[in-house]
Amino acid sequence: MARLVIDPVTRIEGHLRVEVTVDGGVVKDAYSSSTMWRGIETILAGRDPRDAWLFAQRICGVCTTVHALASVRAVEDAVGAVPPPNARLLRQLIAAAQFLHDHVVHFYHLHALDWIDPTAALRADPAKTASVAQSLSDYPRATTALFASVRDRLKGFLASGNIGPFTNGYWGHPAYRLPPEVDLLAFSHYLDALEFQRDYVRIHALLGGKNPHPQTYLVGGMASPVDPASQDAINDNTLQQLAQLVQRGVDFIEQVYLPDLYAIAQAYPEWTTYGRGIGSYLVFGDYTPSAPAKGQPPQGGLFPGGVLVDGKPEPFVRDKVSESAFHSWYRYDDAKASLPPWQGSTTPDYTGPQPPFDQLDVAGKYSWLKAPRYDGRAMEVGPLARMLVGYTAGDARIKPLVQGALDRLKLPASALMSTLGRVLARGLETQLMARYSLELVNRLRDNIAGGDLTIADNTKWDPASWPDGKSFGVGFHEAPRGSLSHWVVIEDGRIRNYQAVVPSTWNASPRDDRGNPGPYEASLVGTPVADPARPLEILRTLHSFDPCMACAAHVYDADGEAVAKVLVQ
């Protein structure tokens with residue numbers, strides 16, 4: 001069987017290599033490898049825990065806020081600090097804005113080009129496109145003149161020969177099946193989404209000082225003053241700007257994102273049968289009015305916590321989380337194959353081939369990612385997990401939302417466990433979060449109007465107030481890409497150990513010590529590959545998890561000889 005090597009995978013964030021074996025035009029086996037070491041955990045060792053969130057948010061240049069939040073929650077859990085209601089609301093507003101921004105960027109600018117062909121949009125009739133657009137929603141930018149202008153703009157762009165992110169795409173691939181008018185409609189919204197995400201992220205500037213890397217977190221609360229009488233604080237004018245931005249988010253998601261998502265889903269029904277993956281899902285839970293209990297994730301919030309194993313729901317149990325380094329370029333000093341995060345370490349031990357090389361030795365260590373496991377099982381995390389856990393639990397918000405989408409597409413619930421189901425789940429939770437953001441603004445306004453201007457509890461700021469000896473803390477957060485947790489051990493006022501178990505580590509993990517594949521690896525098995533030189537189908541499933549990037553894909557035959565070299569921007 002020929003092995004295809006895609007390295008780096010493009011339109012994701014970070015560095016990802018995938019090697020798959022293909023037989024009869026179908027993927028039979030897959031291996032996922034992260035080719036870059038992060039190492040933030042080692043940088044944090046020995047530092048003041050109150051500074052941890054400032055370093056931790058540098059783990060990623062896209063998901064800055066989520067690591068800051070998980071980190072500050074971990075330290076608060078360890079020292080016993082409890083942020084007041086206003087601080088929790090401000091944090092949730094920042095996190096919710098990250099959700100919308102992230103999911104819109106993923107759908108239009110990272111993943112949509114797996115489903116839409118901009119070159120086909122040149123054949124579209126603008127009048128028919130306007131008719132299609134007006135049949136889908138009441139979004140005002142849906143006129144014949146607008147789509148004619150967009151088509152002319154696209155034509156000039158493609159004719160320029162300098163087409164930036166569209167260079168060396170798989171345009172004309174037989175797997176593209178949208179009518180030209182829908183291609184033109186989606187490309188027009190691709191441009192609108194650029195403007196939307198630029199504007200919407202101003203919420204971070206209003207509440208966090210800037211984006212990326214907000215500056216207003218604080219152990220015990222937030223550093224953003226709240227005072228309706230001050231021009232130097234979050235005041236009535238700030239709340240009005242927030243309300244306008246949040247409402248714009250609701251409008252864009254419901255008038256643009258979801259109609260486009262349904263149009264794509266209806267055109268590619270067979271993709272509800274590919275990309276199922278491991279079939280086990282994990283959600284910590286998040287977005288609650290109250291602070292979590294010691295050592296536990298937030299419960300009773302927008303996203304209910306829980307675990308689904310073979311369709312059976314279970315409560316999440318913290319101490320069932322561990323990480324295997326058996327196939328990872330790390331060394332555990334006590335020689336155990338798997339360790340819980342508080343006992344884990346991040347000691348690099350690269351034993352892979354020296355570049356340049358053709359293929360990884362997948363019988364040994366082959367990734368810089370560890371393999372997180374829950375009770376010994378690989379688990380998928382992210383939007384699909386959240387929607388499935390909430391749907392199974394009969395959550396009052398999630399179940400009708402998901403059922404409505406299934407009814408509209410005439411699909412059974414089992415269809416969610418697929419490549420397209422993953423994309424649909426992300427769109428649905430974006431709508432859920434957009435509407436929840438309106439609630440958050442109203443609750444913050446009500447608190448302030450009631451005279452509550454407290455943003456921090458500083459009683460645990462002084463290390464002298466912290467527990468004696470070692471203290472253990474964990475910060476759970478449902479980030480856009482999935483369940484995120486930071487684990488800290490504090491001793492003598494300094495960080496003794498720090499481990500971050502991030503969503504992409506769960507989903508992109510290599511095999512564990514029992515040989516069980518990670519979710520990326522399992523989901524690719526059974527994927528059709530019509531043209532090995534243009535493995536569009538593999539990208540569809542990988543992108544459905546929301547990695548992100550741009551790249552060159554190198555394809556090799558069974559003898560390791562290059563078949564083709566494909567650049568994807």
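Select helix 6 (residues 144–159) and helix 7 (residues 180–200) of this predicted model: their axes are 10 Å apart and meet at about 80°, so the two helices are roughly perpendicular (65 to 115 degrees). Axes here are lines fitted to C-alpha atoms, for helices over the stretch in contact, and angles run from 0 to 180 degrees between N-to-C directions. Helices (H or I, at least four residues) and strands (E, at least two) are DSSP runs, numbered from the N terminus.

Next, show the side chains at the contact (heavy atoms within 4.5 Å). Helix 6 contributes Leu146, Phe147, Val150, Arg151, Arg153 and Leu154; helix 7 contributes Leu184, Leu185, Phe187, Ser188 and Leu191.

Pick Val5 to find its bridge partner in strand 2, Glu19.

Now select the open sheet of three strands, order 6-7-8, with antiparallel pairing. Strand 6 (280–283) and strand 8 (312–314) are at the edges with a single partner strand each, so one side of each has no neighbour in the sheet. Strand 7 (residues 306–309) and strand 8 share three bridges; Val309 has Lys312 of strand 8 as its bridge partner.

Finish with helix 10 (residues 383–392), which packs on this sheet and touches strand 6, strand 7 and strand 8. The direction of helix 10 makes about 90° with that of strand 6.

Residues are numbered from 1 along each chain as its sequence is written. In this predicted model local features need pLDDT of at least 70, side-chain atom pairs count only at pLDDT 80 or more, and totals for chains, interfaces and linings use all residues, while side-chain values use heavy atoms, leaving out hydrogens and water.

Methods. Parallel < 35°, antiparallel > 145°, perpendicular 65-115°, else oblique. Pairing = 2+ DSSP bridges.
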